[in-house]
Each structure stands twice: as C-alpha cells, then as structure tokens.
Amino acid sequence: MQASPGHRHSLYCIVPPYVLRNIARSGKRELADAALNTLATDDTIRALRAGRAAAPAVVSSARGTLTAEGVKQRTIFTADNTQNLPGRPVRLEGDAATGDLAVDEAYDGLGSTYDFFWEAYERNSIDDEGLPLNATVHFGRRYNNAFWNGQQMVFGDGDGVLFNRFTIALDVIGHELTHGVTEDEAGLIYFFQSGALNESMSDVFGSLIKQRVRNQTADHADWLIGEGLLAAGVQGVALRSMKAPGTAFDDPDLGKDPQPGHMRDYVNTMQDNGGVHINSGIPNKAFYVAATSIGGYAWEKTGRIWYETLRDSRLRENTGFRRFARLTHMTAGRLYGPTSTEAKAVRDGWAQVGINVAALAMEAGRP
Amino acid sequence: MRIEYRKEGGIAHLPGLAKPLTIDTAELTPEQAAELERLVEQSAFFSLPATVGRLKRGAADYQEYHIQVTEGDRSHAVQVVDPAGAEAVAALIDFLDDRQREAIIKSRAARQRGEP
Ligand SMILES: [Zn+2]
C-alpha cells in the first residue's frame, strides 16, 4: 500500500491489536515503536468496565444501583475550551438543568439515546451492562467537530462561521454514542468498507433516535444527519442525507457533499480513513429504502433488523458491504420469514444501491 | 518560515476543508508572523515525534492534522490526532485554523460583494 509520508500514521493508529502485534514483530522500526506504544494500554470499553467494577461502592451508594436495568448514569463535563479530557464535571445524573445550552443538550441527548436503545431493543447502555455515559462539551477553541474517543463523547462549540455548537443536533449525539455500541458488538474496523459500515450504523441509529423523539414514521422523517449544525451563510441543510446521499450541502468553502448512493459511484480514496464518511452513503440509502418500503416507525422493524445484524456473531470486524447486506437479509428472514414483505424490502433496499443479495445467497449456497 | 497544513477526518468529509493550506511568514502581518514563530518555538516543533496524540481503540470521527514546518534547511512533519493534548501543539493548530477561517470569511465577503 502506498501512502504519502504525512499519511503513514493512520495506517496503524486504530488497527486491531493482532495487526499491531504483527507490525511490532516484523515491521519497520518507526512503525514498530508506534505499534508497541499503542498496545501498551488497553483502552477498550471492557477495560473501562473493569475499572468501574473495581470501585463501585461509593458511587453506587450515592447514586443508586449502578447496573440497574433501564437506569441512566450520565455525567456531562466541560473542557472549558481546552483539549483536556474529560474535564470538569458540571451535571450529574438527576441534577437540574444548568442553563448552559451545550451541557443541557448533551444531558438530554444522552438520555434520549439511552432510552431509545433500552425501550426499542432492551439494550442497557453502550455495553448492554449499564455503562455510565460520559460526554464533554466546550472542547477546544472554536472546535468544529464532535467525536467518540473510544470511551466517551466529545463536542465542540463550532466557530459560528461554518458550524454551530455540535450538541444542537440530537442525531449527532446519537451518532457518537452508537459508535460505542458498534465497537462493543462488532468492532467494525474504522477503514474502508467496514469503517463506512461503522459510520452508517451511527447514522442509522442517530436518525432513528431523532425520529422516535419526534414520533415520526419513516415517510415523515427528513433522514438528514446534523440538521441545524451548519452555520448561517453556509449553503446546505445538514452533514448528510440518508434519503439522497450527496445532496446535503454544496458550498463554495465546504465543497460539495461527496456521498454516493450507489455502488457504481463508490469512492476509492485514502482520505477520511478510506472514505468512511463518504461511502457510508451507500448503506445509508439501502436502510432508507428498506425502512420507507416497510413503513411505520422505522426503529420497530428495519431498525430491529439492523440492530440484530450488528449483534450477529457472523458480522466480523472486517465485514464489507456485500456480506453485511446478506446478513441483514438473513436476519430479516429469521425475524419475519424468508418470504416476508420485510425480507423483500431489505433485498430491494440493497438492490437499489447496486448490491444483489439474492445472487449472493445463491453464490453462498453453491457447493 | 513556511508551514504546510492539512486537516482531515471529523464527523463528515468536507472536501473544501480537506484542502491543504500553505502559510509563509513573509506573507503574514509582522504580528502574526511573530506569533507563529513563537508557537512553533513553544511547541518545540522540530523535536516533536512524527505522531502526536494516541487514538484509543474504537475511536471515531476524530480529526487528524498534518503539519510540516520548513525553516531554512530544516524541515519537519508531524501528524496530530484529537485530542492534541499538549497545549502548545493545540495552540499552533488553533492559529492555523484561524488563518483558514480568515480566508473563508474573506472569500465569503468577496462573493457577497459580487466579486468572482
Ligand atoms: Zn461517526
């Protein structure tokens, strides 16, 4: 693989441990040092959980039973416009609103996201074991982004020129938290197609969380991700459109929304971790088509199919679009019957983005 | 002193912001040039490792910053990931982002005046 000197880093920074070990064993000196450095600490959600288990007594007596099902444990921190994480706690579970918009939006957004996973799929938080939810707001100075650092959510204030504060959009909060769920269930590697699937999972559930709070059926939803985030003066409506990938913004400074909505327009690139935020438009569109075809509340059936697929042990960390498509089709068949309208809608959704699951199933069935 | 700066990643791929930015202190105001030189000095840029910041497993939507500083016959490239952690490095990135923002505000104003 070729990469410009400035790009090397991204090849090993988030690759799985077994690859890191191989690099450490056989790679170039510089790469090996970095790989060993990355391996030195266990940053997984499981490690986080173990740390919590080590000292639960004080917290649980003060705050009620920590792992009780359906009980949220939110903490909102402020970075006070530095880049220090997690920062200073400003609102704990049960505390009254602070009057700081970003703090209160993060608190409410985390609540809506937790409630969504619990009430729609009986999932108890990110790890399904009641993991406390932490978010930091006011990160950095005029910081134009939100991210999941592997353990918590982080939101910038935006610069007011291109972006507003990142807590303004509930689906963005849901998007970030879903990265935790995806990591816990499937560990989809954040590169190329598995990375684009990881991104699509976050858009799908981020959008469903918003739809559920608004009580919208699939045909009434806008299927936009990050509406309200673009500052006044920017030509665009959102970060992405699941319904019409590639149409969310077209601005002289930001450029044009680069998302494809069909395999024939798949973008091969080394940028953006191999186009994870670009090619996610393809599975996003497939979900949209399936959901509007099935109808009703999209989280009930289509969301359930995607959620059960995410939990499927056959979903490997390097799964690509075609394998994922086939798994959603099989899951729809398992839940609603192989000849059900739901299974057909899922097949049609993938067909409309250029992935033929029926043919894939036949391929797989051949001796 | 010349700086090449490129940012990528984040919650969306924004092609306009992924374009590289080149800054030459000769083209800055004397105050900005002095500020930039101070930030490079303060961050000990030429002694920084090739990568600053370390991603945790499962991290997503973080930004990556590619910075190359050339001064006389020495040149050094550094890649930073969110969160930059080291304050001096974050301050240098803030300075570069401010220049990018200035350019955007300027081009937006020119468009509003009807200039190409
Ligand atoms: Zn994401």
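Contact here means heavy atoms within 4.5 Å. This is a predicted model, in which local features need pLDDT of at least 70 and side-chain atom pairs count only at pLDDT 80 or more, while totals for chains, interfaces and linings use all residues. Residues are numbered from 1 along each chain as its sequence is written, chains are lettered from A and ligands numbered from 1 in the order written, and side-chain values use heavy atoms, without hydrogens or water.

**Stop 1: the interface**

Select chains A and B. In contact are 63 residues of chain A and 43 residues of chain B. Together the two chains bury about 4,500 Å², 50% of it on carbon and sulfur atoms. Buried area is the accessible area (1.4 Å probe) that two parts lose on being put together, summed over both.

The interface holds six salt bridges (a side-chain nitrogen of Lys or Arg within 4 Å of a carboxyl oxygen of Asp or Glu). Now colour the side of chain A that touches chain B by element. Elements giving two or more residues include α2 (29-39), β4 (146-148) and α6 (170-185). The largest share, five residues, comes from α6(A). Helices (H or I, at least four residues) and strands (E, at least two) are DSSP runs, numbered from the N terminus.

**Stop 2: the salt-bridge network**

Select Arg141(A), Asp159(A), Asp94(B), Asp98(B) and Arg101(B); salt bridges link them in a network. Asp159(A) pairs with Arg101(B), with the closest N and O atoms 2.9 Å apart. Arg141(A) meets Asp98(B) at 3.0 Å, N to O. That pair runs from the loop between β3 (133-139) and β4 of chain A to helix α2 (residues 87-112) of chain B. Arg141(A) is partly exposed at 37% relative accessible area, whereas Asp98(B) is buried at 19%. Buried means under 20%, exposed over 50%, partly exposed in between (1.4 Å probe, protein chains only).

**Stop 3: the zinc ion**

Which residues coordinate the zinc ion? Select His175(A), His179(A), Glu199(A) and Asp61(B): their donor atoms lie at 2.0 to 2.2 Å. Donors are N, O and S atoms within 2.8 Å of the metal (3.2 Å for Na, K and Ca); water is not among the atoms, so sites may look incomplete. Glu199(A) is buried, with a relative accessible area of 0%. Asp61(B) is also buried, at 0%.

**Stop 4: Ser207(A)**

Move to Ser207(A), in helix α7 of chain A. This serine is buried at 1% relative accessible area. Beyond its neighbours within four places in sequence, Ser207(A) is in contact with Asp171(A), Trp223(A), Ile225(A) and Met242(A).
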